[in-house]
Amino acid sequence: ATEIRKGNSFANALRKSGLKLPIYLYYLAEAGEMTGNLAQSLREGVQQFEYEHQLAQEFRTALTYPSVLVASGIAAVILIFVFVVPKFLPMLDRAEDLPWLSAVIFTTGAFFNEHYLMLFSFVALLALVIGWVATNKAVRQKVFDIIAETPIVGMWIAEMDTARWSSVMAALLASRADLLSSLDLALDAIKTTRRKARMELVSRDVRAGESLADSLEKSDVLTTTGYNLIRSGEKTGKLAPMMKSVARVYDEAARTRMRRVLTLIEPLAILILGGVIGSIIVGVILGITSINEVGF
């Protein structure tokens, strides 16, 4: 308000306010002031901001249960090896020939029991490393890029990136921003380095005179449906609504894939952790049984 009273524009006042806002909101405010359609531009920006926030919330919520499941399972395995298995170690002196599974379980339990301080130190160090990766932007980006190259999760990330990019493009174009500026600003909506590099090639080709649909198809960043929608929008002069349609298509695809990924992760984690804990129990029982056979 102070900056506006001094005669500055609303867009410049936003930039000087120190608010942590996406860069496209500043541009939308500037475009709205230039075209006399500030209310609509801000509405488009806020809707996009809400969409990105909702997408991030859904992503975090979706990963909460699998993360807790895996962490609790690993903790349970460590506690079994540290506190339960060592109780049976004195029985090893009476056994001459243990089953290989029992030998592995008891040996691992003995190692954990003798080096539990080192084990807990390693777990603490691992937690610190994970925390450092989460706070270090460059390292976090490299880890994210590696995950984005995996077969199933990578497709999910690519669809979310495309949905976010298309939505930002639709908001900018609806506010009468020019195509080249929209392409440059929408790059910030893409999270993966490789995909961002492809979109930069698209922007370069558009500057060279190619159509947006042809440039996207040349860089292989969308599907046939996406190319056709954008090509239709360019021919009819309704690129903004078509970009919004592309965003809806990829958003729905990303949500469907997210449900499929979670459907796979949860039972897979349960099976793996259950198999590990079950193997430990079977190993202990086999060890006890073999000791009783030797005594008999």
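Hi everyone, let's start in the middle: the largest nonpolar core here has 45 residues, and Trp165, Leu212, Leu216 and Ile230 have the most contacts inside it. Please keep in mind that this is a predicted model. Which helices build that core? At least two residues each come from α3, α4 (38-84), α8, α9 (179-186), α10 (193-207), α11 (212-219), α12 (224-236) and α13 (239-295). The helix that gives the most to this core is α8, with 11 residues. As general background, nonpolar side chains in soluble globular proteins tend to be buried together.

Let me zoom in on Leu212. Leaving out residues up to four places away in sequence, Leu212 touches Met169, Leu179, Leu183, Val202, Val206, Ile230, Glu234 and Leu239. Apart from the core we began with lies another one, of 15 residues, with Ile80, Phe81, Val82 and Leu101 among them.

Now back to α8, which spans residues 151-174 and holds Ser166. Is Ser166 buried or exposed? Ser166 has a relative accessible area of 0%, so this serine counts as buried. If we set aside neighbours within four places in sequence, the contacts of Ser166 are Met243, Val246 and Ala247.

The side chains of Glu159 and Arg257 meet at 3.0 Å, N to O. Glu159 sits in α8 and Arg257 in α13, so this pair ties together parts that are 98 residues apart in sequence. Glu159 is buried, at 9% relative accessible area, while Arg257 is partly exposed, at 22%.

In total, the structure holds 13 salt bridges, so let me pick out a few others. Asp184 and Arg207 meet through their side chains at 2.6 Å, N to O, again as a salt bridge. Here Asp184 belongs to α9 and Arg207 to α10, so the pair links parts 23 residues apart in sequence. Asp184 is partly exposed, with a relative accessible area of 33%, and Arg207 is partly exposed too, at 46%. There is also a network of salt bridges, which links Arg204, Asp205, Glu210 and Lys218.

Which of its residues are buried? They are Ala11, Ala13 and Leu14. Looking down the axis of α2, these buried residues fall within an arc of 160°, so they line one face of the helix. They pack against α1 (2-5) and α3 (23-35). The side chain of Arg15 forms a salt bridge with that of Glu30, at 3.5 Å, N to O. Since Glu30 lies in α3, the bridge ties together parts that are 15 residues apart in sequence. Glu30 is partly exposed as well, at 30% relative accessibility.

You'll find Asp220 in the loop between α11 and α12.

One last stop, on the surface. Phe122, Val123, Leu126 and Ile130 make up a nonpolar patch there, with about 380 Å² of accessible area together. Leu126 is part of helix α6, residues 116-135, and is partly exposed, with a relative accessible area of 43%.

Terms used
Residues numbered from 1 in each chain as written. Predicted model: local features only at pLDDT ≥ 70, side-chain atom pairs only at ≥ 80, totals over all residues. Heavy atoms only, no water. Helix = DSSP H or I, 4+ residues; strand = E, 2+ residues; numbered from the N terminus. Buried < 20%, exposed > 50% of the residue type's maximum accessible area, 1.4 Å probe, protein only. Contact = heavy atoms within 4.5 Å. Arc of directions from axis to C-beta. Core = buried A, V, L, I, M, F, W, Y, C linked by side-chain atoms within 4.5 Å. Patch = residues over 30% accessible without salt bridge, like charges linked within 9 Å, V, L, I, M, F, W, Y side chains within 5 Å. Areas by Shrake-Rupley, 256 points an atom, 1.4 Å probe, with all protein chains shown as cover. Salt bridge = Lys/Arg side-chain N within 4 Å of Asp/Glu carboxyl O.
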